[in-house]
Amino acid sequence: MLFPTVEYALFFMLALCLGWGLLRWHRAHKLALLGLSYVFYGFWDWHFVPMLFGLSCWAWLCTRGIQHGRLRRLWLILGAGGSLALLAHYKYTAFFLQNLADLASGLGFRPGIEVESPMLPLGISFMTFHAISLMMDAWRHKLEDKVDFADSLLYVAFFPQLIAGPILRASSFLPQLRQRPDPARIETGRALLLIVVGLFKKVVIANTLATLLVDDVFANPAAMSASQVLLGIYGYAAQIYCDFSGYTDIAIGCALLLGYRFPLNFDAPYVSASPQEFWRRWHISLSSWLRDYLYIPLGGSRNGAWRTQLNLVITMLLGGLWHGAAWNFVVWGGWHGLLLAGHRQWEALWQGRDCAWRASGWWKWTARVLCFHAVCLGWIFFRAASFGEAWAVLSRLFEGVWSSDLAPGVLLCALAGIGLQFLPDRFLLRMQLMSMRLQPVLHGLAFALALVIIEVLGPSEPAPFIYFQF
Amino acid sequence: MLHRFQPVSRMFLTLAVALLAGVVLEAEGLKIWAERLELGALRTFSVPVTERWHEFAQRFGAEQPRRLALTLKADWADGLAPSPAAGVAEVADRAAPPAPQAQTADPEAVASSPVATASAVQEAGSPQPVLPGSAPLVLGVPASATQIVLAGDSMMAVGLAPVLRRGLGVNVVKAYRSGTGLARPEVFDWLEQYPKMVAGANPVLVICALGANDGQNVQSGKNVLTFGTPEWDAFYRERLTAYLGLLTRNDHKVLWIGMPLMRSPAFAKKMKHMNALVQDVLKAYPQVSWLDPDPALGYDEAVFAQYKPDARGKMIKLRADDGIHMTDEGAAFLLPGIRTWMQHQLPQPERTVAVSATPGS
């Protein structure tokens, strides 16, 4: 069930009515949300609902084991290991076997390995990370009370974040589940604005760019001019941002209407002037997860410059692999690891020196442009199906003809997808304030009208959310 | 006075107004949505409800704002959409002269037979996929002046189309749409949409892969036709015949790529039925050739395999993780057969140079 569909609208209205209707009976309220979350997941393929339930039960069991106090480390190893094994089975088995077979054939052996990847359950990476977060937060004593069975199930499966995040921390979400949502404190204005903005980003900008520009450029770059290829790369940068941040905007908005708060997941990432800043603004819930549960346990920045840079590269390599079981994702992760390590070295170079130019406006914009293009270079590997395809796109930039035959519609969408991030924060705040001034009838009419406009403006061909595959 | 937080009653009032206004403004959109649902309880309930609501809403012109917006969008899109040269560069030369059909090569060519099998169309025993651009077509007219249509559903859009667009080096008209088929015209009516998709183009050949979404029951009037029954087959034959009439008009030569073996046994069985039905209909069309992808993908014993080792033992991923679509690498295995077929359909240079389909040739 995709967010921008009538089916989801009907489902969500039912969830709102049930959720708020059962609020007096808190446990029933949570069980209703849990049941609806399984229905939501089952809409895609009900065969995987038992797997979701099993993973949640496993996470709860191990968390309780950790909280019990005895054999804590063993429970953590078992819990995290079991969750990662499930992820590895579905996502990485074929990748591992394929590379094993390739390695063996390279050494002159014919191992006769049968390679087949199982059907990948939707959102398995996100639910695994939730399960691990539950156990890790218990391990770090961040969970004050014993974890309730139903709460841990709902934490892993809560439908607005189930498929593509944002990744919630158990330590911040479980306390919300312990209290009844306050029926007098709903951020309706912000929630509806987020839903409209998210739908606009996804349906109008991302889908238009995908169907009219990006898919064509990456399908056959040789048939494109260099300027079209460049626009295709910028277009993909705008598409993936609008696609993913649009999804999380809708998820945050829906959760707000149900009385729950999700963390911010995107904060205008393309305004970043450094790779470090980019990862503080892009997929914040993942980058902070990787920082807390991978980079810091690896040693973080505690063991000298060289080791810090190695930890950064390892973290980003694994972050790349998390996105997909393919070498192009590893290269994408490695590229970002190198950028982070290189930027750290650059910062160290200027530390303690008097360099006023680094605070100047022109340098800030130069750094922004450089950072954006470094990110775009990474996106080529992220989007391409193979290294050959990525190379074909890159080489076309240098070999192709530069022309001005760019379609104004897609140019406008790409500009909007990137340029809107440079709007000052007060712009969205002002829109939010405007919506708060509206009476419910006018507010409802404005919301409906916005949805109709989005439906009309979007291309007729639907496109699934990019991050569903992760 | 501004309130960041509102009571739940106010939220429900806002949403109720939005729902009401949305249902009024989107009366037509909801009717279309209901018609496109899969056959089942939800559709059975929704179709009459939304139809009646649409009729009612029409009386007081509730659908007018949406229609007006759609018209404005169409006008706006005409000005802003990619020009033929910009959006799909392969279609740039829409005015390219068609290759003279009378010059079609070898009359004994396999492709001229009503139903050609892949092993016949394809060079036998070719174990390697052809790398894009490794063996360009040798034609009597420049490849850039040759225009072909790629038609079908996601079986064409995923894997095949990118490989063909890269590998054939000819102008391509995109006439494929994911999630469509011939069985459900209310979802996407190919008979209506295909002429629009190729309007203004002047293709000489058509390559089609369609049918993966058609293994489902359909509604014909008030009756539900169950997939695989004689009634369903008759319904589908009629649709397919009409579609083939569009593909083959102006004496266009067509290559119909069958459905490959699927991972799910139940789905594989359905697609086997589809393949048999399509092949039977194609017998009446001498200008349409059939390409069975299974031999090219190495499914000689009707055993599905997602990966296959190549001659050097390197594992090649032939099929996507869904067990349905072909990957680019998998689709590349079909390229030699398709090239051979094209070679036979298009005018040749006076001294025809044999084209080998293996890399490095």
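Two strands count as paired if DSSP finds at least two bridges between them. Keep that in mind for the sheet in chain B. One caution before we go on: this is a predicted model.

So, the sheet. It is open, it has 5 strands, and it belongs to chain B. The order is β2-β1-β3-β6-β7, with parallel pairing. Which strands stand at the edges? They are β2, residues 171-176, and β7, residues 288-291, both of chain B. Each has a single partner strand, so one side of each has no neighbour in the sheet. How are neighbouring strands turned against each other? On average by 20 degrees, direction ignored.

β1(B) and β2(B) run parallel and share 6 bridges. One residue pair to click on: B:Gly152 has B:Tyr176 in β2(B) as its bridge partner.

Look at the two faces. B:Gln147, B:Val149 and B:Ala151 point one way. B:Ile148, B:Leu150 and B:Gly152 point the other way, and all of these residues are buried.

What lies across this part of the sheet? Helix α6(B) lies across β1 (147-152), β2 and β3 (205-209) of chain B. Against β1(B), the helix runs at about 160 degrees.

Some totals for chain B. The chain has 12 helices and 9 strands. It has 361 residues, and 43% of them count as buried. Consider the contacts in chain B between residues at least 6 apart in sequence: 75% of them join residues at least 24 apart.

Next, the interface. On the chain B side, 54 residues are in contact with 53 residues of chain A. Which elements of chain B give two or more residues to that side? They are α1 (8-25), α2 (27-36), α4 (64-80), α6 (154-167) and β8 (307-309). The top contributor is α1(B), with 12 residues. By class, this side of chain B has 29 nonpolar, 11 polar and 14 charged residues.

Over to chain A, and helix packing. Two packed helices are described by the angle between their axes and the distance between the axes.

Start with α10(A), residues 188-219, and α11(A), residues 226-257. Their axes come within 7 Å and cross at roughly 155 degrees. An angle over 145 counts as roughly antiparallel, and α10(A) and α11(A) are therefore put in that class. The crossing of this pair is left-handed. What is the make-up of the contact between α10(A) and α11(A)? It has 24 nonpolar, 8 polar and 5 charged residues.

The helix α10(A) has another partner to show you: α19(A), residues 425-437. These axes come within 9 Å and cross at roughly 120 degrees. That makes α10(A) and α19(A) oblique to each other. This crossing is right-handed. Which residues meet? From α10(A) we have A:Gly189, A:Arg190, A:Leu192 and A:Leu193. From α19(A) we have A:Met431, A:Gln432, A:Ser435 and A:Met436. The contact divides into 4 nonpolar, 3 polar and 1 charged.

A:Met127 lies in helix α6 of chain A, residues 124-139. Why does A:Met127 count as buried? There are 26 other C-beta atoms within 10 Å, and 20 or more is the cut-off. Leaving aside neighbours within four places in sequence, A:Met127 is in contact with A:Leu52, A:Leu55, A:Val156 and A:Leu162. A:Phe158 is 31 residues away along the chain, with 9.8 Å between its C-alpha atom and that of A:Met127.

A:Leu78 is in helix α4 of chain A, residues 72-91. This leucine has 17 C-beta neighbours inside 10 Å, so A:Leu78 counts as partly exposed. A:Ala59 is 19 residues away in sequence, and the C-alpha to C-alpha distance from A:Leu78 is 9.7 Å.

Methods
Residues numbered from 1 in each chain as written. Chains lettered and ligands numbered in written order. Predicted model: local features only at pLDDT ≥ 70, side-chain atom pairs only at ≥ 80, totals over all residues. Contact = placed C-beta atoms within 7 Å. Helix = DSSP H or I, 4+ residues; strand = E, 2+ residues; numbered from the N terminus. Nonpolar A, V, L, I, M, F, W, Y, C, P; charged D, E, K, R; others polar. Axes fitted to C-alpha atoms, helices over the stretch in contact; angles between N-to-C directions. Parallel < 35°, antiparallel > 145°, perpendicular 65-115°, else oblique. Left-handed = near helix turned anticlockwise from the far one by under 90°. Buried ≥ 20, exposed ≤ 12 C-beta atoms within 10 Å, placed from the backbone.
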